Amino acid sequence: MLTLWAAVLGRPFAKALAVTNLLTRLSAGAVTLALVLLVEHERGSFGAAGIVAGVFAVGTSVGAPFVGRLVDRLGQTPVLLATAAVHGAALLGLALRPSAPLGVLIALAAVAGAARPPVAACMRGIWIAMLQGPQLRASYRLESALLEIGFVAGPVVAGAVVAVGRPALGLILTAGLAALATAAFALLPPTRAWRPPARASRGVLGPLRAPAILSLVGSRTALGVAIGALQVAAAAYATAGGRPGFAGVLLGGFAAGSLLGSLTPHLSPSSFALLSVAMCAALAPLLLPVGLWWLAALFVLAGTPLAPLNAIAYELTDRAAPAGTGTEARMWTGTATAAGTALGSALAGAAVDGASARAAVTAAVAAAAVAAAITLMSRRAVTVAAATPLPAA
């Protein structure tokens, strides 16, 4: 896999595309924590901070498919530049006026979320235009690895910036990084050269008229619930063990396992159902009554199927999306995961309050089982999608 990644990154402008893509993912990984730390510091209320962060997530979920549809109609560069400006300006407004009325902060968070730049979805469109065969399939694993790096490093960077400066500085840097990295990505030659298909029958429903896309949206939502519940479970296990800071080790182990999984040989899209079942099975050992360090090892094990599962979901999305709806389809499956994660965190938080950390893990395993069940029940649509050629450049 590393050899294939080297070949992918050896293409013209590929390294610049990957670096700017990674920088936007770091910003995306940092923004929620930066929002929470800033609002809580200014208002002394985690409740208000949670509302602002939650509205940001809802804004992203609602706005993402519409932003994706704009890309499919207008091209990547104009939409990326516009969303970079709006997203960055809204976050900057939050950073500079955290004492504004809560309603103003909520409005700014909603705008910032809805205008989140669709860099990751655009990147996959560019890979399709640049690559073929094994290199294209390897790019899906590369995208999954970049996602995990952003997930791990983003909050660490945000926390470090806040630790050495004012809380507003974390959000200012997050906003600036998102805007500048997106603009740099948008102005690279492969991005400017990308054009939506000249002939496309998008329809009102866009990619949602494809059964496989509907199946992916459902299964990715359920998987997001599992991931969100797991994040709460990590914090609850660490707190119950008397070491709250150990939650970062547990989640870091989960991400490390996913990164290790991204290095395994490529699997065909037809193995999506098998990997969905494997994801559920890998989470189950987290219910064992073991110490924190053994639990960290189990979190590594739990993460190993995630990157291959994500990579195949990316590939199936591109295979199943009707012509001219590729970016919107990627935004639908991406926002389904994000929305599921937010829901999973909320459900698991209530479960932990009413029972224990194992209740959150039980919720994660149950949600992963639902994701696998959705995939198995719609295996005919998934099989058809797996046999569909990837779109040509």
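The dialogue below concerns salt bridges and their surroundings.

Guide: This is a predicted model, in which local features need pLDDT of at least 70, side-chain atom pairs count only at pLDDT 80 or more, and totals for chains, interfaces and linings use all residues. Residues are numbered from 1 along each chain as its sequence is written, and side-chain values use heavy atoms, with hydrogens and water left out.

Visitor: What counts as a salt bridge, and how many salt bridges are there?

Guide: Side chains of opposite charge can pair when their charged atoms come close. The criterion is a side-chain nitrogen of Lys or Arg within 4 Å of a carboxyl oxygen of Asp or Glu. By this rule there are 3 salt bridges.

Visitor: Which residue pairs with Glu328, and where do the two lie?

Guide: Glu328 pairs with Arg69, their closest N and O atoms lying 2.9 Å apart. The pair links distant parts of the chain, 259 residues apart: Glu328 belongs to helix H15 (residues 326-354) and Arg69 to helix H3 (residues 46-74). Helices are DSSP runs (H or I, at least four residues) numbered from the N terminus.

Visitor: Are Glu328 and Arg69 buried or exposed?

Guide: Both Glu328 and Arg69 are buried, that is, under 20% relative accessible area with a 1.4 Å probe, protein chains only.

Visitor: What is the separation of Glu315 and Arg319 in helix H14?

Guide: Because Glu315 and Arg319 are 4 residues apart in helix H14 (residues 306-320), about one helical turn separates them. Their salt bridge has its closest N and O atoms 2.8 Å apart, and both Glu315 and Arg319 are buried.

Visitor: Which side chain meets that of Arg330?

Guide: Arg330 forms a salt bridge with Asp318, at 2.7 Å from N to O. This pair joins distant parts of the chain, with Arg330 in helix H15 and Asp318 in helix H14, 12 residues apart. Arg330 and Asp318 are both buried.

Notes: Buried < 20%, exposed > 50% of the residue type's maximum accessible area, 1.4 Å probe, protein only.
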